[in-house]
Amino acid sequence: MYGVEGPAWALLKATEQHTGESLTESRMFASAPAAARTAEPYPDLPAAGSHLLAVGRH
């Protein structure tokens, strides 16, 4: 199970609303992939996101 939209999404969106700065142009957006990789090994964190992706093999 992978978080497609991880827990940082809410923080990024709130920052965009508070500052008026474009989400994709914010300094925080550039660090989001590193934060996602850091959180990936913790199985409880993907549940904090609102979109999940389940991958399986048969």
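Trainee: Which residues does Tyr2 touch, not counting residues up to four places away in sequence?

Mentor: A contact means heavy atoms within 4.5 Å. By that rule, Tyr2 touches Glu40, His51, Leu52, Leu53 and Val55, with residues up to four places away in sequence left out. Before we go on, please note that this is a predicted model, where local features need pLDDT of at least 70 and side-chain atom pairs count only at pLDDT 80 or more, while totals for chains, interfaces and linings use all residues. Residues are numbered from 1 along each chain as its sequence is written, and side-chain values use heavy atoms, leaving out hydrogens and water.

Trainee: Where does Tyr2 lie?

Mentor: Helices (H or I, at least four residues) and strands (E, at least two) are DSSP runs, numbered from the N terminus. Tyr2 belongs to strand S1, residues 2-5. Between the C-alpha atoms of Tyr2 and Leu52 there are 5.7 Å, although these two residues are 50 apart along the chain. Val55 is 53 residues from Tyr2 along the chain, with 8.0 Å between their C-alpha atoms. Val55 lies in the segment after strand S2 (51-53).

Trainee: Is Val55 buried or exposed?

Mentor: Buried means under 20% relative accessible area, exposed means over 50%, and partly exposed is in between (1.4 Å probe, protein chains only). Val55 has a relative accessible area of 58%, so it is exposed. Tyr2, at 43%, counts as partly exposed. Leu23 has 10% relative accessibility and therefore counts as buried.

Trainee: What does Leu23 touch?

Mentor: Leu23 sits in the loop between H1 and H2. Its contacts, not counting residues up to four places away in sequence, are Trp9, Leu12, Lys13, Glu16 and Phe29.

Trainee: How many helices and strands does the protein chain have?

Mentor: There are 2 helices and 2 strands, in the order β-α-α-β along the sequence. Of the 58 residues, 10% count as buried.

Trainee: At what angle do H1 and H2 pack?

Mentor: Axes are lines fitted to C-alpha atoms, for helices over the stretch in contact, and angles run from 0 to 180 degrees between N-to-C directions. Helix H1 (residues 8-19) packs against helix H2 (residues 27-39) at about 175°, and their axes are 10 Å apart. H1 is therefore roughly antiparallel to H2; angles over 145 degrees count as roughly antiparallel, under 35 as roughly parallel, 65 to 115 as roughly perpendicular and the rest as oblique.

Trainee: Which residues of H1 and H2 meet?

Mentor: Leu11, Leu12 and Thr15 of H1 meet Met28, Phe29 and Ala32 of H2. By class, this contact has 5 nonpolar, 1 polar and no charged residues. Here Ala, Val, Leu, Ile, Met, Phe, Trp, Tyr, Cys and Pro count as nonpolar, Asp, Glu, Lys and Arg as charged, and the others, Gly among them, as polar.

Trainee: What follows H1?

Mentor: Gly20 does, and its phi is positive, near 80°.
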